[in-house]
Amino acid sequence: GPRLELGVSGYDQSADYDRAPPSLSSSCPSVDLACYEDAAHLRGEAVNTVDKSLVTGFARLSGSAFDDRFEHAVTLFGTGYDRENREPGTASTRVDRFSSVTYGAEYQGTWHAETLGDLTLGGRLEAEEARYDTENVTGFDGYRSDRTLFALFALHQVTLFDALHLSFAGRYDGDVDGEDFFTGRVTAAYDIAPDTKLRASLGTGAKRATAYMIGTNLAYQPSYPDQIEADLAPEKSVGIDAGFDRTFLDGRATLSVTGFYNRFEDLLSFVSIAFPAGYYENIDRAEAYGVEIAASAELIEGWLRADASWTWQQTEDLDTGLALARRPEHSGTLGLTLTGIDRLEATASLAYVGEQFNKSDEAEKIDAYARLDLSAAYRLAPETTVYGRIENVTDVEYQDPLGYNNAGRSYYVGLRWTH
């Protein structure tokens, strides 16, 4: 019969952080941690503040017909977001306020055609209202964005000869007052043995500049008219990947290896200028390629599971021949999950991010760092779970991106209820 699902989530967050140095010099060549400490001391611990809040929710009505051969669902969704940045100055405090509301509806239907596979068709309609205002800023009168976006999509999945799994997907995205684009993807996976699968995919992608990106450019353009352009083109890409999945020890261990290549046009990228100012730009042509490896294993059956991943990638701005900003060559994760205690799951995860450049001209190197997090969830009842986590357990100091100190050891606790 029909099924109704409702969901809502959100947060309200306030943070403050030391101001960056007023200018770079030979004694303070970059906005690193030492320079922050010096600036905070000289300015009497003057701080910037950021207040953010978000509420998002959905309602989904789903059902089936024709002996469950046809499944369909209608989803209504909405999100509200507010952000305020306050930057103390020598004469006044700059205030940037951004708020947005998005809401819409999506329909998706799937026909299970047995040997002919599954065919999914759907559509989406979304409205976005965004505002960007400032105080104590000359030459910027605020930004208003009202966009109506729509999309049509289709997906066909079929299995041939019991071993070859194919999918064909296409999506048309439209903007009532802007540019439209079409994207698609083809995937194939072949079971060469019960424990081994080969796979590959080829597809295109596209991404519009967000209202926040456009508003940021307009807000800082009066101060940097020769550097910043308000108009941002949609980012477009073509990507290909290939790899294999292998299971071992009767399914207790898995290994996945994937090689990938992506080619971008009008890549959307953030550019830092005099901190904290920054803007977004399009990089005409760029590429990224590399290898991803993921593995998991049940170390103690029914009690302890390990998961690990590692990525190596090379990037290049094809017009300058330099590496792209904020894309590390090496990154990885390692996790241990305890599952053997009834109703309790606890995880320790270590994330590593290698060296990267803060700017597109291979300037301002960001040091590598590793961060340890702990989390646990305990199911009080079938519908109620209490959870908590500690982020940055070792209280490591790091910046990513450069100029933005990340939080030290942080604690979170919550209650999740489903019905």
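**Salt bridges in the predicted model**

I will start with Asp173, which forms a salt bridge with Arg171, the closest N and O atoms being 2.9 Å apart; by salt bridge I mean a side-chain nitrogen of Lys or Arg within 4 Å of a carboxyl oxygen of Asp or Glu. Asp173 counts as buried at 12% relative accessibility, while Arg171, at 29%, is partly exposed, where buried stands for under 20% relative accessible area, exposed for over 50%, and partly exposed for in between, with a 1.4 Å probe and protein chains only.

Before going on, please keep in mind that this is a predicted model, in which local features need pLDDT of at least 70 and side-chain atom pairs count only at pLDDT 80 or more, whereas totals for chains, interfaces and linings use all residues. Residues are numbered from 1 along each chain as its sequence is written, and side-chain values use heavy atoms, with hydrogens and water left out.

By this rule the count comes to 21 salt bridges. One of them joins the side chains of Arg131 and Asp146 at 3.7 Å, N to O; because Arg131 lies in strand 5 (residues 118-135) and Asp146 in strand 6 (residues 143-160), the pair ties together parts that are 15 residues apart in sequence. Strands here are DSSP runs (E, at least two residues), numbered from the N terminus. Arg131 is partly exposed at 27%, and Asp146 is partly exposed at 48%.

The side chains of Lys365 and Glu355 also meet in a salt bridge, at 3.6 Å from N to O. Finally, a network of salt bridges links Glu84, Arg86, Arg97 and Glu135.

Definitions and conventions
Helix = DSSP H or I, 4+ residues; strand = E, 2+ residues; numbered from the N terminus.
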